[in-house]
Amino acid sequence: AGEDLARLTVERVVMGLFFTGVKLSSGHVGACATPLKTIPEAVCCPSSAFAMPFPGKMRGRPAADLLKEAQHPNGLRRAVGIAAMNALTAYCSERRPHPDIVEEIGVDAFDAADIRPGQFVVVVGAFVPFLRELKKRGQPFVVLEKDPETLKPDEMPFYRPAEDAPAVVPRADVLLVTGTTLINDTLEEILAAARADCCKVVVGPTVSLVPDAFLRRGCRVLGSIRVTDADAFLDALAEGGSGYHFFGRSAHKVVLRARQAGEAKAA
């Protein structure tokens, strides 16, 4: 962002049930999954106030101030930091598009993964649309999940505990990882455990629009979002909305991938 970073401030912050969103003074918005299940502090007013000390104090703050929150041990604060970081990456990717990155609008990361019949798929996180499509196809797969209660009864035969990741991930031909692994510090080790020839896909509104760090770790496909109506998007989050409520209305899906050799660059 260069010198622009110093003048960008926070205009609005929303912490919804499913996603947290941050809007900058430039109008750009970033999102992050809200880690409600990982927050034991959020049980009463005094402890919640300790966990999240910023309500009413974020508007007008330099956006760069929130970046340090992206690695805070508290889940709520980390979500705000990641959302602020993603808002800045939305600003940067629009102002200075990466010449070696292809962005495909309206494309689903599942389709971009180009899963072939017979390939063994490992899904990290109970990503419902992916599980539904894999079952429909009769694709061999398992899902690594910390909370088995998020799975339906007909999905339980595919369930593996999250702690089985070191044994399961190396078997994957295709690895589909939810971006919420950024919040609980498991993404790095999951990507490192995959084989070199594995197609690694990370997906969700938590995924940044500046994909360099993901690509350096072998990811082939990233699924993220572009917010098209900032306030409508944040209003949806504030009212408990999820992707079903903002996709096609205030945001659309995008796929990011490295440009292939010989592939023409955008003008």
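**Entry 1. Thr34.** I began with the side chain of Thr34, which reaches the backbone oxygen of Phe19 at 3.4 Å. The Thr34 side chain also reaches the backbone oxygen of Gly16, at 3.0 Å. I took both as polar contacts (N or O atoms within 3.5 Å; within protein, one able to donate a hydrogen and the other to accept it, and residues adjacent in sequence counted only if both atoms are side-chain atoms).

I note that this is a predicted model, with local features requiring pLDDT of at least 70 and side-chain atom pairs pLDDT 80 or more, while totals for chains, interfaces and linings use all residues. Residues are numbered from 1 along each chain as its sequence is written, and side-chain values use heavy atoms, without hydrogens or water.

I located Thr34 in the loop between β3 and α1 (45–51); helices (H or I, at least four residues) and strands (E, at least two) are DSSP runs numbered from the N terminus. With a relative accessible area of 11%, Thr34 is buried (under 20%; exposed is over 50% and partly exposed lies in between, with a 1.4 Å probe and protein chains only). Beyond four places in sequence, I found Thr34 in contact with Gly16, Leu17, Phe18, Phe19, Thr20 and Leu76 (contact means heavy atoms within 4.5 Å).

**Entry 2. Helix α3.** I next followed α3, residues 75–95, which has 21 residues and reaches 30 Å from its first C-alpha to its last, close to the 30 Å expected (1.5 Å times one less than the number of residues). How many residues of α3 are buried? I read 17 of the 21 as buried, so the helix is largely enclosed by the rest of the structure. At the start of α3, a side-chain oxygen of Asn74 comes within 3.0 Å of the backbone nitrogen of Leu76.

**Entry 3. Loop between β8 and α7.** I looked up two residues here. Ile183 lies in the loop between β8 (174–178) and α7 and counts as buried at 11% relative accessibility. Leaving out residues up to four places away in sequence, Ile183 touches Cys32, Ala33, Pro35, Arg78 and Ile82. Ile183 and Leu67 stand 116 residues apart in sequence and 14 Å apart in space, C-alpha to C-alpha.

Asp185 is found in the loop between β8 and α7. At 54% relative accessible area, Asp185 is exposed. Although not a glycine, Asp185 has a positive phi of about 65 degrees.

**Entry 4. Asp114 and Gln139.** I recorded a positive phi of about 55 degrees for Asp114, which is not a glycine. Asp114 sits in the loop between α4 (109–112) and β5 (121–124).

I placed Gln139 in the loop between α5 (128–137) and β6 (141–145). Is Gln139 buried or exposed? At 6% relative accessibility, Gln139 counts as buried. Setting aside neighbours within four places in sequence, I listed the contacts of Gln139 as Ile115, Arg116, Pro117, Gly118, Gln119, Val121 and Leu134.

**Entry 5. Pockets.** I first noted the terms, set on a 1 Å grid over the protein atoms alone: a cavity is a set of points where a 1.4 Å probe fits but cannot get out, a pocket is an open set with protein on both sides within 12 Å along at least five of seven lines, and lining residues have an atom within 4 Å of a point. Points are joined across faces, edges and corners, and a volume is the space filled by probe spheres set on them.

The largest pocket has a volume of about 1,600 Å³. Its lining has 50 residues, of which Ala33, Ala126, Phe127, Thr178 and Thr180 lie nearest the centre. Elements giving two or more residues to this lining include α5, β6, α7 (187–193), β10 (219–227) and β11 (251–258). By class, I read 28 nonpolar, 15 polar and seven charged residues (Ala, Val, Leu, Ile, Met, Phe, Trp, Tyr, Cys and Pro are nonpolar; Asp, Glu, Lys and Arg are charged; the others, Gly among them, are polar).

The second largest pocket has a volume of about 540 Å³. Of its 22 lining residues, Gln71, Met85, Leu182, Glu188 and Ala213 lie nearest its centre. I found that α3, α7 and α8 (212–216) each supply at least two residues of this lining, which divides into ten nonpolar, six polar and six charged residues.

**Entry 6. Cavity.** I found one cavity of 30 Å³ or more in the structure. The largest cavity holds about 60 Å³ of space. Among the residues lining the largest cavity are Val29, Asn86, Pro205 and Ser224. β3 (29–33), α3 and β10 each supply at least two residues of the lining. I read the classes of this lining as eight nonpolar, four polar and no charged residues.
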